[in-house]
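Okay, thanks for coming, everyone. Let me put the model up on the screen, and then we'll walk through it together.

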Amino acid sequence: MGSLRSVVLAGGGTGGHIYPLLAFADAVKRHFPDVRITTLGSPQGMENQLIPAAGYDLRVIPAFQLPRSVNLNLIRTPDRMWKSAHAAGKILDEVQADAVVGFGGYVSVPAYLAAWRREVPIVIHEVNVPPGVANRMGMKFTKNVAVGFPQQPQMAESLKDARVVGVPLRTALTHLDRAALRPQALYQFGLRPDLPVLFVSGGSSGARTINLAVAAAAKRLAHAGVQVLHVQGGRNDPFEVPTDLPVPYVVVPYLSDMQLGYAAADLMLCRGGAITVAETTALGVPAIYVPYPFSNQEQTRNAQPVVQAGGGILVDNGDLTPEWIEQNVIPLARDRHRLAAMGHAASRYGRRDGDEALLEFVLEAVAKAK
């Protein structure tokens with residue numbers, strides 16, 4: 001491995017950009033204990049809660065929403081973008097950055113611009129197809145593009161030369177032995193060891209459709225002997241679950257230790273966000289993916305290859321009803337052999353070394369630039 005003295009990490013807005021950034025920062029710190037790690041965030045994003053809590057230096061710079069089409073006029077015109085890039089540049093100079101690693105989100109753009117003007121190597125990490133608008137713009141300044149999933153280079157022309165490194169995940173997940181942690185996880189949530197567990201989570205902000213459909217199917221699940229561990233999600237309204245069920249149906253508002261949920265799970269019902277897909281496949285958790293419908297379908301594209309590999313099932317948001325759950329989820333949750341085969345297929349698709357592989361790629365980019 002080469003060496004790193006100072007690295008600037010840019011990414012913000014949503015967990016999809018921030019969680020990989022934090023997992024990567026941890027990997028950098030493990031290999032280079034004396035490195036200076038500086039993160040750039042925007043004033044409103046989730047990074048303000050997550051990054052300082054993880055112990056990293058967060059510098060807030062103004063970030064502006066970009067138009068959907070990316071061309072060079074876009075960066076020549078808005079002077080506020082240059083002001084933002086100027087703020088990022090002052091930070092790069094102050095910390096004498098060896099590299100800028102961007103994970104997407106509008107705050108990445110000023111970092112890319114500032115690094116390009118200073119000839120500081122830029123590495124972009126992208127998990128979606130099509131790439132987000134900020135990273136598409138960054139690709140005009142660097143050839144160092146890394147992606148989270150093996151299908152991305154085939155699915156997008158702009159990613160055809162990208163290096164597949166996987167998604168950086170926290171070691172709490174990548175070092176997880178689900179079977180070993182399972183008894184503790186079940187005990188902690190008050191779940192029974194003799195019945196299957198359906199783990200339900202719509203991501204950090206939750207998913208109302210999923211919450212309501214599963215809660216409405218609570219009686220059917222319980223009478224079929226399927227337990228539920230249900231993460232409501234931070235921004236969601238509570239939902240009613242019958243109280244007189246014969247088996248546990250446990251609702252938690254938010255789960256910071258996702259590894260406990262994965263350890264308890266026999267089957268997961270979730271959205272198709274890139275981080276969720278990376279985690280379920282890295283850990284070999286069979287999953288039913290319900291992609292978020294109001295977007296450019298990237299969640300469907302994230303989950304499809306896992307389904308094709310045999311590691312999951314895809315259901316349309318509009319088709320997720322209590323009846324669908326009764327007809328599809330219950331038989332699957334009770335079929336140990338099928339779950340084992342799906343879990344095995346998921347883990348063959350997933351990878352646990354995204355943090356290390358991205359670090360290697362960054363070190364190569366720094367060495368090339370010297």
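So, which residues have the most contacts inside the largest nonpolar core? Before I answer, the ground rules. This is a predicted model, so local features need pLDDT of at least 70 and side-chain atom pairs count only at pLDDT 80 or more, while totals for chains, interfaces and linings use all residues. Residues are numbered from 1 along each chain as its sequence is written, and side-chain values use heavy atoms, with hydrogens and water left out.

The residues with the most contacts inside it are F149, F189, L191, F199, L229, Y262 and M268, and the core has 38 residues. The largest share of this core, 6 residues, comes from α13. By a nonpolar core I mean a set of buried Ala, Val, Leu, Ile, Met, Phe, Trp, Tyr and Cys residues joined through side-chain atoms within 4.5 Å. Buried is under 20% relative accessible area, exposed is over 50%, and partly exposed is in between, with a 1.4 Å probe and protein chains only. Apart from this core there's another one, of 35 residues, among them L198, A207, L221 and M342. As general background, nonpolar side chains in soluble globular proteins tend to be buried together.

Let's zoom in on Y262. Setting aside neighbours within four places in sequence, Y262 is in contact with L173, L176, R178, F199, M268, T276, E279, T280, L283 and V285. Contact here is heavy atoms within 4.5 Å.

Now, how many residues of helix α13 are buried? The answer is 10 of its 10 residues, and the helix runs over 274-283. Helices, by the way, are DSSP runs of H or I with at least four residues, strands are runs of E with at least two, and both are numbered from the N terminus. The buried residues of α13 include charged-class E279, and T276, T280 and T281 are buried there too. Just after the helix, G284 takes a positive phi of about 65 degrees.

A search of the whole structure turns up 1 cavity of 30 Å³ or more, and the largest cavity holds about 40 Å³. What lines it? By class that's 6 nonpolar, no polar and 2 charged. Nonpolar covers Ala, Val, Leu, Ile, Met, Phe, Trp, Tyr, Cys and Pro, charged covers Asp, Glu, Lys and Arg, and polar is the others, Gly among them.

Points are joined across faces, edges and corners, and a volume is the space filled by probe spheres set on the points.

The second largest pocket has about 210 Å³ of space. Its lining divides into 4 nonpolar, 2 polar and 4 charged residues, including K143, E157, K160 and D161.

Next, the annotations. UniProt, in an unreviewed entry, places the feature "binding site" at T14, G15, G16, N128, R170, S204 and Q299. From this set, the lining of the largest cavity takes in R170. The positions are in the numbering used here, the feature names are shortened, and annotations may be inferred rather than shown by experiment.

R170 sits in the loop between β7 (163-164) and α8 (171-174). Why does R170 count as partly exposed? Because its relative accessibility is 28%. Beyond four places in sequence, R170 is in contact with A23, S256, M258 and Q259. T14 is in the loop between β1 (6-10) and α1 (15-31), and T14 is partly exposed too, at 41%.

Last bit, backbone geometry. Most residues other than glycine have a negative phi, and most peptide bonds are trans. The peptide bond from V129 to P130 is cis, with omega near -5 degrees. Q96 has a positive phi near 50 degrees and is exposed, at 61%. E119 has a positive phi of about 55 degrees and is exposed at 73%, in the loop between α5 (108-118) and β5.

Key: On a 1 Å grid over the protein atoms alone, a cavity is a set of points where a 1.4 Å probe fits but cannot get out, and a pocket is an open set with protein on both sides within 12 Å along at least five of seven lines; lining residues have an atom within 4 Å of a point.
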